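Colleague: I would like to go through this model with you. Could we begin with the contact between the chains?

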Amino acid sequence: MRHLMSPLDFSVDELDRLLDLADDIGQNPQKYAHACSGKKLATCFYEPSTRTRLSFEAAMLNLGGSVLGFSSADSSSAAKGESVSDTIRVISCYADICAMRHPKEGAPLVASQKSLIPVINAGDGGHQHPTQTLTDLLTIRSLKGHLGDLTIGLCGDLKFGRTVHSLINALIRYPGIRFVLISPEELRIPSYIREDVLTANNIPFTEAERLEDVMPDLDILYMTRVQKERFFNEEDYVRLKDFYILTKAKMDLARRDMLVLHPLPRVNEISVEVDDDPRAAYFRQAQYGVYVRMALILTLLEIEVSG
Amino acid sequence: MINISGIHEGFVLDHIQAGMSLRIYHDLKLDQLDCTVAIIKNARSSKMGKKDILKVECPIESLDLTILGFIDHNITVNVIKDDTVVSKMELHLPKQVKNVITCKNPRCITSIEQGLDQIFLLTDEKRQIYRCKYCEEKYRSSAR
């Protein structure tokens, strides 16, 4: 029995197979409409997350399965002090697979150690969010046709953004990847990513402070939100915040086939005028998120659909 | 000078950094072992100035010294049998350290989950880096 805790749990070959399956699901949804008939997904969400939870639920419903679960710790036995280990033992009797989000880092790993059913980490604090990374990879591969030989711009909060760190770790396994890291000084990529991951693996990268300076170089622009509370003072925030807001004017500097991705929710870092640009891929990304979660559920439940 | 007699079977842990012997006593769980232990603090050492020494009289198979490699791989371990030193044990960094150090990350599941072992894994042998198995936070010795 396999679980998914980190995007790196899958080898590149396994990931290719998973993304192939997600592609096929996207192209032939009817073929998979009853693949999980009689199976149940438990969504154990100890903190609210509308998007991820609904994406998992939509994935299982699309496969003909059913869904049960809770959407906050208050409405679960955790409020009575039950441990994660005990909860998963009980959930194992109710469902066939579990997607768990927890504010404590490592909680899904604890669950997987006691679980009788596959556990998917649906986000554990600031640690891992592997299905977001799988979504990003599927989006890039589907819209670009490949995962190697790309210049990827990562923009915004590169210090605390776990999606960015996960994506870097996942993408360096493909040849010809270059990164352009665009952030204010305060939110630069941490040294354990810059040195231990990028430099240690000889991955070419440059750092920039202004988005417009690098727009023409990018194949992919991955936007994240710059939060005011991350700055030491208001002055710096006011000085820098506009550099990290994607506008139509900045899009005019980009290549015609560049893609804009964002893990969502978007607040104001992408101007709504960009939404109609064909290069804005962030809402399509949400659709790919459902396909990749469907592929993941089938893979972990070891269900093969023929024809 | 205090004289402490030799041991028939067991271990002599020499060149312990002065002041560290009690920590090692606890980390080796010697308090739970029914054996004779001599703790020598601040012994004179030409190499170290001051050092601690632990003498443990016990069957040699009854004590797991793996954790010593994590605490201080410069400790000399003499294995004693029939009143003589039969070997010197080389210390290595253990792949895993269980219930010796605790994770200081307040966001880690180990901070709330009952009965969960504190496990650290050796993730970079060259740089001697251990990370919490659950949250992957790096262990910093000053945090202990």
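Modeller: The contact draws on 16 residues of chain A and 15 residues of chain B. Please keep in mind that this is a predicted model.

Colleague: How much area do chain A and chain B bury between them?

Modeller: Chain A and chain B bury about 1200 Å² between them, and 45% of it lies on carbon and sulfur atoms. The size of an interface is often given in this way, as the accessible area lost when the parts come together.

Colleague: Which three residues supply more of the area that chain A buries than any other three?

Modeller: They are A:Lys104, A:Glu105 and A:Val110, which supply 43% of the area that chain A buries against chain B.

Colleague: How many salt bridges are there between chain A and chain B?

Modeller: The count between chain A and chain B is two. A salt bridge joins the side chains of A:Asp196 and B:Arg127, at 3.2 Å from N to O. A search of the whole structure finds 22 salt bridges over all chains.

Colleague: What about A:Arg53, which side chain does it meet in a salt bridge?

Modeller: The side chain of A:Arg53 meets that of A:Glu57, at 3.3 Å from N to O. Both residues lie in helix 2 of chain A, four residues apart, which is about one turn of the helix.

Colleague: Let us stay with that helix. At what angle do helix 2 and helix 11 of chain A pack?

Modeller: Helix 2 (residues 50–62) and helix 11 (residues 282–300) of chain A pack at about 60°, and their axes are 8 Å apart. Helix 2 of chain A is therefore oblique to helix 11 of chain A. The crossing of these two helices of chain A is right-handed.

Colleague: Which residues meet there?

Modeller: From helix 2 of chain A, the residues include A:Thr52, A:Phe56 and A:Met60; from helix 11 of chain A, they include A:Gly289, A:Arg293 and A:Ile297. By class, this contact of helix 2 with helix 11 of chain A has seven nonpolar, four polar and one charged residues.

Colleague: A change of topic, the backbone. Is the peptide bond from A:Leu264 to A:Pro265 cis or trans?

Modeller: The bond from A:Leu264 to A:Pro265 is cis, with omega near 10°. A:Pro265 is found in the loop between strand 9 (259–261) and helix 11 of chain A. Most peptide bonds are trans, and most residues other than glycine have a negative phi.

Colleague: Then is the phi of B:Asn42 positive or negative?

Modeller: B:Asn42 has a positive phi of about 55°, although it is not a glycine. B:Asn42 lies in strand 2 (residues 36–45) of chain B.

Conventions: Residues are numbered from 1 along each chain as its sequence is written. Chains are lettered from A and ligands numbered from 1 in the order in which they are written. This is a predicted model: local features need pLDDT of at least 70, side-chain atom pairs count only at pLDDT 80 or more; totals for chains, interfaces and linings use all residues. Side-chain values use heavy atoms; hydrogens and water are left out. Axes are lines fitted to C-alpha atoms, for helices over the stretch in contact, and angles run from 0 to 180 degrees between N-to-C directions. Angles under 35 degrees count as roughly parallel, over 145 as roughly antiparallel, 65 to 115 as roughly perpendicular and the rest as oblique. A crossing is left-handed if the near helix is turned anticlockwise from the far one by less than a right angle, and right-handed if clockwise. Contact means heavy atoms within 4.5 Å. Ala, Val, Leu, Ile, Met, Phe, Trp, Tyr, Cys and Pro count as nonpolar, Asp, Glu, Lys and Arg as charged, and the others, Gly among them, as polar. Buried area is the accessible area (1.4 Å probe) that two parts lose on being put together, summed over both. A salt bridge is a side-chain nitrogen of Lys or Arg within 4 Å of a carboxyl oxygen of Asp or Glu.
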